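Colleague: Before we discuss any of the terms, could you put the model on the screen?

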Amino acid sequence: MTVLKPIHVLATLSLIFLTSCGSKEEAPAAASVIKTYQVLEAEPRSTTVQTDYPATIEGIENVEIRPKVDGFVDKILVDEGQFVKKGQLLFTISAPQYEQQVRTAKAAVKSAEASVSNARLQVEKTKALVDKSIVNKYELQEADLTLQTRLADLAQAEANLVNADVNFGYTKITSPVDGIIGSITFKTGSLVSGTTAKPLTTVSNIGKIYTYFSLNEKQLLEFIRNTQGSSFDQKVAHFPEVSLLLADGSVYPEKGKIESVNGLINPQTGAARIRATFSNKLNLLRSGGSAQVLIPQEIDNGFLIPQRAISDIQGKKFAFVTGQDGTVHSINVEMMEATSGHFFIVTKGLKKGDLVILEGVQFLKDGMKVKMTKADPKEIYAELNQ
């Protein structure tokens, strides 16, 4: 067993005391380190923001081509993707029964015409006899009734011929509109009928195209309120021209116009369907495609704050500002649905001159002390002009 001498005990206690004192002195020094944060002085600005909305593309007419008679596909006179004109022949259907019906109907018309001629001749002969008082007038009336019957038979035969011609005409299928041929479902020799589930093809009129997108209720109210006009029709007329961002990231060269706002808000999605129309002179757009509609909006005296400066806590948006003494506090902010690049447009919560901390907001707490370095607004907002 080792026994410490009194002088050793005293030295040990002194070392412990000095060590503990040193730790207490170093703690405040570590805690007193104040970090530097970049701040932006809030200043109202006027700008144009482009808000994008996913959209689907449809031709102004998408017509399914279906046979109206039963038969076999005889000829296919077009190809998929081909541009066709209204009235151009697309398919022929082999249906001999309809051709035979036309022949039969024509023969019936000729027979009826002969009967009418015979009945008319009989009327004339009887009339001559009545004039000479050889027969009584009742025979003339009977001959006239026979003529009327034969004329009715002729009208019926002519109607049957027209009907037969119409049915036979259905064996030649033409395009009802100018447009682009879609997929051709059936090949030559396929049996088709008017009840066939699939169409022969689809003709899409894409001289102009519709783009459909949706705005939620809040966005729609905001959009309408910020548009000039004393009535809804006037506001629609003053809606700004819109752009189209294509699937490859390029902007479509033609501007479009919003022409229709659905009168109902979908209860499942909470959104209203909007239609914008674009010219498609180059046939660059195809029905069934996708794109994004870009809607410009003029903002007067709005606070544009980088998105990285805004934090989201339980669905509410917060920014951190600091006073001249470097004390941090958080403020609840409200913003427009529209955004401008990497910026939020703050409508409530900020005032002119507030010093907004731009980054590292996830590490900030109310009451913290920070050092400030002011950001150059020209550098912050440079991307707005790009």
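Colleague: How many nonpolar, polar and charged residues are there in the lining of the largest pocket?

Modeller: By class, that lining has seven nonpolar, nine polar and two charged residues, where Ala, Val, Leu, Ile, Met, Phe, Trp, Tyr, Cys and Pro count as nonpolar, Asp, Glu, Lys and Arg as charged, and the others, Gly among them, as polar. This is a predicted model, in which local features need pLDDT of at least 70 and side-chain atom pairs pLDDT 80 or more, while totals for chains, interfaces and linings use all residues. Residues are numbered from 1 along each chain as its sequence is written, and side-chain values use heavy atoms, with hydrogens and water left out.

Colleague: Which element gives the largest share of the lining of the largest pocket?

Modeller: That share, seven residues, comes from β13, a strand being a DSSP run of E with at least two residues, numbered from the N terminus.

Colleague: Why is threonine 92 called buried?

Modeller: Buried means under 20% relative accessible area, with exposed over 50% and partly exposed in between (1.4 Å probe, protein chains only); threonine 92 has 12%, and is therefore buried. Threonine 92 is found in strand β5, residues 89-94. Across the 386 residues of the chain, 34% count as buried.

Colleague: What does threonine 92 touch, not counting residues up to four places away in sequence?

Modeller: With contact meaning heavy atoms within 4.5 Å, threonine 92 touches Phe72, Val73, Asp74, Lys75, Leu77, Thr171 and Lys172.

Technical notes: Helix = DSSP H or I, 4+ residues; strand = E, 2+ residues; numbered from the N terminus.
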